[in-house]
Structures are given as structure tokens and as C-alpha cells.
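Colleague: I would like to learn how to read a protein model. Could we go through it feature by feature?

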Amino acid sequence: MRYFKLKEFDSPDLPGSGQYMDPVFLQLLDKARAHAQIPFKISSGYRSKAWNKKVGGVNSSAHIKGLAADIVCDNSSDRFTIINALIFVGFTRIGVQKGFIHVDNDMTRISFVLWLYN
């Protein structure tokens, strides 16, 4: 990867767990970062089941499969740039919250969706 280190994707309770991230997901995310030309700060990547439960994630979360990341974003301009880049490289599952953008490529879930968190 050009723009990320695996440790950025570690579950906070499991050092080194970024290695469990899906390589295809990481390759796409790296391409999106290149396209966006702005930094992507990862707030959540791989999650252990225990950490996922602690943060209120659903039992079938793409994070526990290494297929998701949350990208810190706190302004509309960067939000547009990041979402545009994610779609450009082929991501089809994006969630938007005031402070972050969730992206995953979990093929067991419906594709071509963009949702808002409360």
C-alpha cells in the first residue's frame, strides 16, 4: 500500500490485527486515497468481536471480517471528495455520519447503497 500502514487498521484491543484486513479492500481504499488527493484518517478498520460489541457494532459487521473502514471526516468539502473517490474506484457500500464515512465491500450485503447514521 502506498498511503496506509496495516497498523492504522488494528482493532484497539488487538495490536497487529490490521493484518486481518482483506487485501482487495485495502487495494481499493489505497486507490481511492490516490484519487482523492487528501489524507484518509482511519478511525476504525478491523475489529475483534469483543471490540465490535464494545462500540455497539452489529454482530455481522463488515469490520470483523476485515472488509470495512471508517474514515474521519468533519467537513462537507472533504466528505464530497472522499465519497466521490470511493465511488470512482468501485466501492458500492458507503455510510455517512457527521464525523466519519464508513466504507465496505462485504459482498454478502446489498450493494449500491449509501446510508446515513443517526
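Modeller: Start with burial: a residue is called buried when its relative accessible area is under 20%, exposed when it is over 50%, and partly exposed in between. Bear in mind that this is a predicted model. Histidine 63 has 2% relative accessibility, so it counts as buried.

Colleague: Where is histidine 63, and what does it touch?

Modeller: Histidine 63 sits in the loop between helix H2 (49-54) and S2. Leaving out residues up to four places away in sequence, histidine 63 touches Ser44, Gly45, Tyr46, Arg47, Ala68, Ala69, Asp70 and His102.

Colleague: Which residues show the other classes?

Modeller: Take alanine 34, which lies in helix H1 (residues 23-36). Its relative accessibility is 29%, and therefore alanine 34 counts as partly exposed. Proline 15 has a relative accessible area of 72%, which is why it is classed as exposed.

Colleague: What share of the residues in the protein is buried?

Modeller: Of the 118 residues, 42% are buried.

Colleague: How do I read the overall layout?

Modeller: List the helices and strands, then follow their order. The protein has three helices and five strands. Along the sequence they give the pattern α-β-α-β-α-β-β-β. For the dimensions, the C-alpha trace spans about 35 × 30 × 25 Å along its principal axes.

Colleague: How does distance along the chain relate to distance in space?

Modeller: Check pairs one at a time. Alanine 34 and valine 55 are 21 residues apart in sequence, and their C-alpha atoms are 30 Å apart. Proline 15 and leucine 67 are 52 residues apart along the chain, with 18 Å between their C-alpha atoms. For the protein as a whole, take the contacts with a separation of 6 or more: 57% of them join residues 24 or more positions apart.

Colleague: What should I look for inside the protein?

Modeller: In soluble globular proteins, nonpolar side chains tend to be buried together. Here the largest nonpolar core has 25 residues, and those with the most contacts inside it are Leu29, Phe40 and Leu86. At least two residues of this core come from each of H1, strand S2 (68-72), helix H3 (76-89), strand S3 (93-97) and strand S4 (100-104). H1 supplies the largest share, six residues.

Colleague: With which residues is leucine 29 in contact?

Modeller: Setting aside neighbours within four places in sequence, leucine 29 is in contact with Phe4, Phe9, Phe40, Ile42, Ala69, Ile71, Leu86, Phe91 and Val103.

Colleague: Which residues have a positive phi although they are not glycines?

Modeller: Glutamine 37 is one of them, with a phi of about 60 degrees. Glutamine 37 lies in the loop between H1 and strand S1 (42-44), and with a relative accessible area of 66% it is exposed. Phenylalanine 112 also has a positive phi of about 60 degrees. Phenylalanine 112 is in the loop between S4 and S5, and at 71% relative accessibility it counts as exposed.

Methods: Residues numbered from 1 in each chain as written. Predicted model: local features only at pLDDT ≥ 70, side-chain atom pairs only at ≥ 80, totals over all residues. Heavy atoms only, no water. Helix = DSSP H or I, 4+ residues; strand = E, 2+ residues; numbered from the N terminus. Buried < 20%, exposed > 50% of the residue type's maximum accessible area, 1.4 Å probe, protein only. Core = buried A, V, L, I, M, F, W, Y, C linked by side-chain atoms within 4.5 Å. Contact = heavy atoms within 4.5 Å.
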